[in-house]
Amino acid sequence: MLTFSGRLAALRTVFPEVGIDGFLVPRSDEHLGEYVPAGAERLAWLTGFTGSAGLAIALAERAAIFVDGRYVLQVRQEVDGTLWDYRHVTDEPPADWLKEAVPAGARIGYDPLLIAEETLDRLIRAVPALTFVPLPENPIDRIWQDQPPPPKAAVSIYPAAFAGRSAEEKRAEIAGILKAAGEDAAVITDPPAINWLLNIRGADVPFAPLALGFLILRADATATLFMAPEKISDEVRLHLGNTVSLEPRAALGTALDALKGLRVRVDSQASPVWFAQRLRAAGAEVIAGPDPIALPKACKNPVEQDGARRAHGRDAIALCRYLHWLSENGKTGTQTEISAAAALLAFRAEAPEFREESFPAISGAGENGAIIHYRVSPESNRRLAPNEVYLVDSGAQYEDGTTDVTRTIWTGPDRPPAALKDRFTRVLKGHIGIATLRFPQGVAGAHLDAFARAPLWQAGLDYDHGTGHGVGAYLSVHEGPVSLSRAARPIPLKSGMILSNEPGYYLPGAYGIRLENLLIVQPAAAQADGVKPFLEFETITWAPFDRALIETALLTPAERQWLDGYHAEVWRRVGPQLTGAVATWLASACAPL
């Protein structure tokens, strides 16, 4: 078995054979999704980095790995610094490194199925002295001897009782969008979009109930689904109907060629560049535009909203039972990050509707909590100690909804330091600031992000991640096209969207704080003298915040009123489902400040 040094050396031996001087290795599959099948984990195989986003560039003599702020600590723990330079993707972008490390005229290879057209174009414009070369075969696939095969899990029907709308209705709506834009077809490469559109689900990747495939949707609402036929039962085939044809993945290229002369939409930000390249070569007119499914999918219908509320209701019971368990076991020194995460999973798994975690639980004690997307391993696992901070960010996939929640706990038994309480309370104030916002229709996520940061900014503090992301309806826990972030795309928030509210603060080497609930965007009550409609947030996550870490004097009367009201609602919803010591604990945890 090759070492990481051996893998990098083996990759470099391929360069002269295919006529390149370097190669881009993004953390993505041919759908550019966050959760990828095992055989697409090329970045992890090559470097050891297991984060959900990143890029490596390997040259003949040098190599670098680029990560965002969530992973600046993790990458140094997982990747050999003698082989790879560590770079912050925003502060030290790949283009700058290439300008410094690569001579003019060099040829940099890339897999056109693993990079979006917009991403590639930015790189080409930023480094015009280099030539970027699409390769017909990924060099890593040539040297990865035990690369897992593509997944072929069975596809299941997602019933209308959970979906709220038929697949025929959805296809007609999206086809109408294409027709109104004067487009003949759209190529859909995003599995959550395809699964939502066709009311199907699958099990091809961990943590998200997705069947991987591609789709060509036409303006007459007919569609061709490219998916391994053995994944589709007769029942699912009947569900898809006569206007959705089924073809194997191998037929995709020929089907794109057949669109010659037509106007075809491709999402240049989220689809692999291979699709646009193939369509243009065939003589189609490629229209760069957003995935037409993304926005309708993000705006949950009433049935999907009710499913989310039910999922969070049962999740709240598991969470509160877990937090009680943690109050008794967290300070004993007998639990580890792995055992604590396993306990939470066990509480959730008692619900019959539970299917799997929605992402690997971030179970970070002490200094590990400062690693924003920390993923505990047997090597990094440590015990939860008395009198330290423990951060647990976790979620579940239930058949009717997807959850994502973070709580930060003081293990005790002693009182926490004043400085820690100050930081925690400032994060809590930012969380309350988002939860209580009212804002006019037309406002985008970038406009709201600062409301969560303001209490930290007043103390000269900040956090290096977005404040919130979209969440799917029994789909991916991270969903576009909107987010609460300074880098958010200028897409207005709309009623029915589900977003996370998760400000944080991280002190490297010491602790991390993050407080996360999920929210549904709802219409706000109209004011008599209002000149435009407003929106607000409905909180749907129900679990107490650790009162040991709250500095009450820092809260305004309105913030204190919100927190007392929130805890009263936690007790009202969850208390009747609990008994004995757990119920007694929750009553205390939810008592007014």
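Visitor: In which strand does Pro 481 lie?

Guide: In this predicted model, Pro 481 belongs to strand β23, which spans residues 479-484.

Visitor: Which kind of peptide bond joins Gly 480 and Pro 481, cis or trans?

Guide: As a general idea, most peptide bonds are trans. Here the bond between Gly 480 and Pro 481 is cis, with omega about 5°. A cis peptide bond also joins Gly 412 and Pro 413, where omega is about 10°. Pro 413 sits in the loop between β20 (405-410) and α16.

Visitor: Turning to helix packing, what is the angle between α16 and α17?

Guide: Helix α16 (residues 418-435) packs against helix α17 (residues 445-457) at about 155°, and their axes are 7 Å apart. Angles over 145 degrees count as roughly antiparallel, and α16 and α17 are therefore described in that way. The crossing of α16 past α17 is right-handed.

Visitor: Which residues of α16 and α17 meet?

Guide: From α16 come Arg 426, Val 427, Lys 429, Gly 430 and Ile 434; from α17 come Leu 448, Phe 451, Ala 452, Pro 455 and Leu 456. By class, this contact has 7 nonpolar, 1 polar and 2 charged residues.

Visitor: And how are α14 and α19 arranged, parallel or perpendicular?

Guide: Helix α14 (residues 302-329) and helix α19 (residues 580-589) pack at an angle of about 90°, with their axes 10 Å apart. The range from 65 to 115 degrees counts as roughly perpendicular, so α14 is roughly perpendicular to α19. Cys 320, Arg 321, Leu 323, His 324 and Ser 327 of α14 meet Ala 581, Val 582, Trp 585 and Leu 586 of α19. That contact divides into 6 nonpolar, 2 polar and 1 charged residues.

Visitor: Finally, how much space lies in the second largest pocket, and which residues lie nearest its centre?

Guide: In the second largest pocket, the space amounts to about 730 Å³. Its lining has 36 residues, and those nearest the centre are Glu 30, His 31, Pro 150, Phe 214 and Arg 249. Sorted by class, the lining of this pocket comprises 20 nonpolar, 5 polar and 11 charged residues.

Methods
Residues are numbered from 1 along each chain as its sequence is written. This is a predicted model: local features need pLDDT of at least 70, side-chain atom pairs count only at pLDDT 80 or more; totals for chains, interfaces and linings use all residues. Side-chain values use heavy atoms; hydrogens and water are left out. On a 1 Å grid over the protein atoms alone, a cavity is a set of points where a 1.4 Å probe fits but cannot get out, and a pocket is an open set with protein on both sides within 12 Å along at least five of seven lines; lining residues have an atom within 4 Å of a point. Grid points are joined across faces, edges and corners, and a volume is the space filled by probe spheres set on the points. Ala, Val, Leu, Ile, Met, Phe, Trp, Tyr, Cys and Pro count as nonpolar, Asp, Glu, Lys and Arg as charged, and the others, Gly among them, as polar. Axes are lines fitted to C-alpha atoms, for helices over the stretch in contact, and angles run from 0 to 180 degrees between N-to-C directions. Helices (H or I, at least four residues) and strands (E, at least two) are DSSP runs, numbered from the N terminus. Angles under 35 degrees count as roughly parallel, over 145 as roughly antiparallel, 65 to 115 as roughly perpendicular and the rest as oblique. A crossing is left-handed if the near helix is turned anticlockwise from the far one by less than a right angle, and right-handed if clockwise. Contact means heavy atoms within 4.5 Å.
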